[in-house]
Amino acid sequence: MPRRSSRTAVSRAHSASSTSFPATPARPLAAIHPVDHTPITTNSDGQRLRIHASQTSSSAQPFTSSQRFTSSGVDQMASNATREQMDPLLLAELAGAVSRNVPGFEDAFFPASEAVQQLFGWAVDTAVYDAGASRWKSWPASPTEGNVLAFFQRVVDNVLLGKLCDISGARVYPYVPSNTVLIRGGDCRRKTDLLMSTCIPDGPALPTADIALNFATLRRTRYDWRCIRIVGELKANPDESDTDSTLAQLANYVREMFNAQPSRRWVHVFTLCGANLRAWLFDRSGATASRLIDINAEPVLFLRIVCGYALMDATAVGFDPSIKWARNGVEDTYDPSVAAAAQSAISHPYLYAPLRSDDVQSGPVKLEIDPNPLFNRRSIVTRGSVCWKARRISDQPATRSSAKSAKSWPYVVKDQWRAAERQSECDIISSMQRSSDRQEVGLPQYKWYGDHTENGQPVDIITAVRRDCIAGQPRMKTDRMPAPPTRPTMPPPAWTTSRGTKRRSTADDVPESKRARREDVSPCNNRIFSRLVMAPVGRAIDTFTTITELLEAMRDAIRGHRTLYNTHRILHRDVSLFNILIDDDPSRPGKGLLIDLDLAIRRERIGTTGASHRTGTQDFMAPGLLSDQPHSFRHDLESFFYVLLWIATFYTVPPGDGSPTETSLPASQTIFAACDKAGRDYSVMAMIKAGFVQYGSSFEKCCLSILGDDMREALGPLLSRWRDALYPPGYCIHGAPTSPDDEADLWQRLIDACQAQIETLRGR
């Protein structure tokens, strides 16, 4: 009897919470794709997190297979995760990447200005600040959340910022409360205390401080992460400025902002614990912060910071200045927080790139980008990869319906922050372009690539983001990763009791004496911003509309892998469900594309630097690679096998009416579920995988028999032939690596088996 399956189509974008807002960025749904799609070497470009399973779940909400903990658990944590689940992951991600009390931080980001000095003089003259008592006259004796919010309403918003408008003539953003209602448009259920937003519900569009805000009328309004520029965290207890619990709260907010605003290079947040203010800057290398500032004892510095936040333009607040838009006839940095709040039609964002045409690099070409990215990372300390659909401005379609066509967006722009010491993907692409000027089957065309520059200088974390406040450090090479222990050995991160706050800490039992204070400034692991533009654009392979289409894409992706390895001498090292695309353009050779060279290396490095060890996406990694063999070409070919087995396990045969495949509900005892139970014990995982696939009888019983009848009929024969080719008699996961010369025909054997099944299916 055929196994019943879900008939709910895969959703590729989170629906907008309001018709006035654009769609939120698309992202994989963990419940549908229970897969670690992040290569295990990408967190901090090689820094593996080791956390006890108990740290990622609570007794009330157990961690399920659809909420898998991975090396990049912050990226993979399911939506609506609680703070008990998220905080340990965020703290582990930020471990060693947080610097408080950074010398020069205040001067770098909040320089002294004549306008602020005039404002302070006016505050003294009007007794808003009591110079004799050295305190703000309305500062509450008991700095509870409600009292501090009242101070911001009466003094900061309706007095100080209003006067600043008169002095400077500049527009400012007001501070508004956000402590009573969950913020929408996010990945998890979160509240903040105080924020700056371009959209205030029940208030004016794009508000300025020349209006008198009444926080009471805003108490039950909702904000959207796409409109938020600055977040503030308020606490009555001044000791909480240095707790990990407070840091984790900020990191939760920052994660949401990076996710909702993918063009953001950094995020500003602040804490006000008692009268102690601390300004924070989060970027893709971690977090830096000012020293603690007593707002009563240092009133001018307090004004520099609160006014600085209110005056920040799109570039200063952290948005990418290389992405532009035209407002009121003027080209300026694209501000998605303003775009999300605007009720009327607005111009689309665009950037400039010198595209290649017939092996000639053109001058800058104006490319419009779709503001809803194809993909972006939710982690903080990461490459921050984001991919945008793009097209030439001159190529805009005439009708709205044609604008939805994939052909109307012929390019993809990929931005990322690579580790400074890691080889650039652009360098690898450059070597490929030199050796071949024609489009090759299974590989995209790269139209432009390089490290991004502004004013002739590379854009990096140390100089362009942190403004040389923190020096860099030589990082340990991350190409070779040490074998992990069989049991996680890193203790749970300690953070202090959060006394007197409105939120329950997950570490309330940590004694006050064991507070983890981090006063030292940590050297920065520098990153460099790079960009590439590629064509053609394809669909994700798990949107196949026929089995034939799926197999044609797999076949051509294998051809692309062979070309990479033999012609360009490049080993891909990350064949996965997310790096194989379907190309719908019949004018181009082939049906499938193998993309993403983030982890690729030149063959000359294999076996010399150890660069190939344990690199890839966990569910699709070969048993031999998991057992610590050097990464070889056959391990990538085994990954193709696991991608196809994954699809056969978790998807249905399309109905044949042109609609895509749907997700299925497989038996719980799949090879992937069994490996998942091994956690991060790779030696156990390797034995489990080998046990499932090494022998034909076990493969039939444990893998093929659980497939739905239609999928087993369509893909079972090919999976068996691929298994026979990849795991011949005598195969041993601990055996010596195979020489490419000994198995030079392995690519062709997989391709031929795939082609034979395509012909058997006859278009089905």
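Visitor: Is phenylalanine 641 buried or exposed, and at what relative accessible area?
Guide: Buried means under 20% relative accessible area, exposed over 50%, partly exposed in between (1.4 Å probe, protein chains only). Phenylalanine 641 is therefore buried, with a relative accessible area of 0%. This is a predicted model: local features need pLDDT of at least 70, side-chain atom pairs pLDDT 80 or more, while totals for chains, interfaces and linings use all residues. Residues are numbered from 1 along each chain as its sequence is written, and side-chain values use heavy atoms, without hydrogens and water.

Visitor: How many aromatic pairs are there?
Guide: Rings of Phe, Tyr and Trp (its six-membered ring) pair if their centres lie within 6.5 Å; planes under 30 degrees apart are stacked, over 60 edge-to-face, the rest tilted. The count by this rule is 26.

Visitor: What kind of aromatic pair do phenylalanine 641 and tyrosine 727 form?
Guide: Their centres are 6.1 Å apart.

Visitor: How many residues apart are phenylalanine 641 and tyrosine 727?
Guide: Helices (H or I, at least four residues) and strands (E, at least two) are DSSP runs, numbered from the N terminus. Phenylalanine 641 is in helix 15, tyrosine 727 in the loop between helix 19 and helix 20. The pair links distant parts of the chain, 86 residues apart.

Visitor: What kind of aromatic pair do tryptophan 646 and phenylalanine 650 form?
Guide: Centre to centre, tryptophan 646 and phenylalanine 650 are 4.2 Å apart. Both lie in helix 15, four residues apart. With 40° between the planes, the pair is tilted.
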